[in-house]
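The sequence and structure come first.

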Amino acid sequence: MPYNKLDFGLARRFRHGFREKACVIVKNLSAASYIERNYKVLQRFPFIDALTVECDYKSAAELTRLPYVEYVTRQARVTTFDNLFDEFGATGEEALSRVKFDSFVRLLATGTNLTGKGAVLCVLDTGVSPHLDLCLPKSRIKKFCDLDLGKNYCYDDNGHGTFVAGVALGNGTVSGRKIRGVAPNAELVAVKVISHTGECGAFKILEGMQWVMDNAKKLNIKTVCMSFGSEPLETGDPLKLGAETLVKNGITVVCAAGNSGNGNLKSPGISPYVITVGAVDGQFAEARFSSKGEYYGIKKPDVYARGVSVKGLAVKSSYIQMSGTSVSAPYIAGAVCLLHEKYPGLSPADAKSMIIATAERHNGLPVLDLS
């Protein structure tokens, strides 16, 4: 068996006698007719030339010997990166100050007041609740797709996705504009791929990425926020490959670095093509939980944003407080929406370069401060 094609973690599972779902990445999906004839194909992901099958050790060995098979990998566990705190209403001393964009706008837009108008952000997450900060004076939820439970209305049975969307796009209606996001006039496409537990399998994320690829042009999706991650796979990491494919097709991908501290970067934030975001506190000190490190010689995160005790949208009440790189990533995703308002044809590489160039050094870290 060509072991360099087989993910080590999957091989280890096979040694215990398990049958497993495996992602088979091929050179060209049209060449995979043998696999489709002889294996039970569970899912197809044309955007990365991959499909998932259920197999055991013997069938995995056969797959690795096929000349057009690149990798056979396992399904990693994906989790959100957050810590939730107490919920509170829209009034009182707890409310955040109004977000100011002066320095950011002066550097990137020569004084024009940007709000994200015309930009569309896709959030792959636990769904979105129709919070008033997203729906008044008119709904900015352009599309909701539920790949988790298949429901045809907006909802969020965890709360994480709603918070993430609010950090990027909330307009502060309920709080009198005291608590609002970075791009309060941008539109939202919410794709529910993560369950109510805040977890899912990596293949569900791939399903969401495939949906984005299939609908990006029709919905004008230029930016995707991914406030989740998994342990990087040793061989053929499909989340990394999927995120990079989106970038190569003109979509800026913003990822949370992870909440596991030094040396524990998560996928897809390991990719050199995405914008990987770490967390700082109110004094711009690096959050203890924020993941960082190197992946094949490339240092990550690329940029930092506030991610400690940030207040944002809640499902069961007006607002809630959260910490995590899940909070920092939508700050940067919202900033990318501002860029797309000013420069609609901006490439992902240019968007990343502009974000990094705009960040200021605080405590030795490149921080984009939107407060």
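**Strand pairing, helix packing and rings**

Thr80 stands opposite Phe228 in β12. This is a predicted model, in which local features need pLDDT of at least 70 and side-chain atom pairs count only at pLDDT 80 or more, while totals for chains, interfaces and linings use all residues. Residues are numbered from 1 along each chain as its sequence is written, and side-chain values use heavy atoms, with hydrogens and water left out.

Helices (H or I, at least four residues) and strands (E, at least two) are DSSP runs, numbered from the N terminus.

**Sheet**

- Strand β5 (residues 77-80) pairs with β12 in the antiparallel sense over two bridges; two strands pair if DSSP finds at least two bridges between them.
- The order β10-β5-β12 describes an open sheet of three strands with antiparallel pairing.
- Its edge strands, β10 (199-201) and β12 (228-229), each pair on one side only.

- Two packed helices are described by the angle between their axes and the distance between the axes.
- Axes are lines fitted to C-alpha atoms, for helices over the stretch in contact, and angles run from 0 to 180 degrees between N-to-C directions.
- Helix α6 (residues 160-169) and helix α9 (residues 325-342) have axes that come within 7 Å and cross at roughly 40°.
- That makes α6 oblique to α9; angles under 35 degrees count as roughly parallel, over 145 as roughly antiparallel, 65 to 115 as roughly perpendicular and the rest as oblique.
- From α6, His160, Phe163, Val164, Val167 and Ala168 meet Ser326, Val327, Pro330, Tyr331 and Gly334 of α9, where contact means heavy atoms within 4.5 Å.
- The residues of this contact divide into seven nonpolar, three polar and no charged. Ala, Val, Leu, Ile, Met, Phe, Trp, Tyr, Cys and Pro count as nonpolar, Asp, Glu, Lys and Arg as charged, and the others, Gly among them, as polar.

**Helices α7 and α8**

- Helix α7 (residues 202-219) packs against helix α8 (residues 238-248) at an angle of about 10°, with the axes 10 Å apart.
- The two helices, α7 and α8, are therefore roughly parallel to each other.
- Ala202, Ile205, Leu206, Met209, Val212 and Met213 of α7 make the contact with Pro238, Leu239, Gly242, Ala243 and Leu246 of α8.
- The residues of the contact of α7 with α8 comprise ten nonpolar, one polar and no charged.

**Aromatic pairs**

- The count comes to three aromatic pairs; rings of Phe, Tyr and Trp (its six-membered ring) pair if their centres lie within 6.5 Å, and planes under 30 degrees apart count as stacked, over 60 as edge-to-face and the rest as tilted.
- Phe144 and Tyr155 form an edge-to-face pair, 5.9 Å centre to centre with 65° between the planes.
- Phe144 lies in strand β8 (residues 141-146) and Tyr155 in the loop between β8 and α6, so the pair ties together parts that are eleven residues apart in sequence.
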